[in-house]
Amino acid sequence: MKFLTVVLIVAAVLGAGWAYYFGEYYIDEYKMTDVVGNAALTWGAYNEARAHVELKDQMRQRGVGEYLTPEECTFYEDVGQTHVVDCSWYIDVQLPFNNGRRVNFRVAYAAEPGSTRAERL
């Protein structure tokens, strides 16, 4: 076999291994970017109680992993009445050749009252 073919096969195997162990958690982070942004907009348009309900409903509808709950998210007001929804969590992934790895995630969005667009922090 040619050298380039071997390199491509090794890269494909490593990529498949990464996707097997870490892929689902990064997909959940991707889903949470939309969920948290919607919750921030809901808080800006209505109130905090409705934003909590929106966060919970969106997480359920989008099928976010059960390890991630709405309790990992904090709601607070920043300077100038800006409404911020900040979710941070971690997951310990067990790998076959070592003790494992902790992967940290954070998704935070801010929205002005009455705004139609949330801004990622």
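Tyrosine 90 stands opposite asparagine 104 in β3. The two strands concerned, β2 and β3, pair in the antiparallel sense over 11 bridges; strands count as paired if DSSP finds at least two bridges between them. This is a predicted model, in which local features need pLDDT of at least 70, side-chain atom pairs count only at pLDDT 80 or more, and totals for chains, interfaces and linings use all residues. Residues are numbered from 1 along each chain as its sequence is written, and side-chain values use heavy atoms, with hydrogens and water left out.

**The sheet**
- An open sheet is formed by 4 strands in the order β1-β2-β3-β4, with antiparallel pairing. Strands (E, at least two residues) and helices (H or I, at least four) are DSSP runs, numbered from the N terminus.
- β1 (73–78) and β4 (119–120) are the edge strands, and each pairs on one side only.
- β1 is joined to β2 (residues 82–93) by 6 bridges, and the two run antiparallel. Here cysteine 73 stands opposite cysteine 87 in β2.
- Helix α1 (residues 3–45) packs on the sheet and touches β1, β2, β3 (101–111) and β4. Contact means heavy atoms within 4.5 Å.
- The direction of α1 makes about 20 degrees with that of β3. Axes are lines fitted to C-alpha atoms, for helices over the stretch in contact, and angles run from 0 to 180 degrees between N-to-C directions.
- β3 and β4 run antiparallel and are joined by 2 bridges. Alanine 110 stands opposite glutamate 119 in β4.

**Helix α2: faces**
- Ala51, Leu55, Gln58 and Met59 are buried in α2. Buried means under 20% relative accessible area, exposed over 50%, and partly exposed in between (1.4 Å probe, protein chains only).
- Seen down the axis of α2, its buried residues fall within an arc of 100 degrees, so they line one face of the helix. The arc is that of the directions from the helix axis to the C-beta atoms.
- Ala49, Lys56, Arg60 and Gln61 are exposed on the other side of α2.
- The cover over the buried residues of α2 includes α1 and β1.

**Glutamine 58**
- Glutamine 58 is found in helix α2 (residues 48–62).
- Its relative accessible area is 12%, so glutamine 58 is buried.
- Leaving aside neighbours within four places in sequence, glutamine 58 is in contact with Val35 and Asn38.

**After α2**
- Glycine 63 follows α2, and its phi is positive, near 70 degrees.
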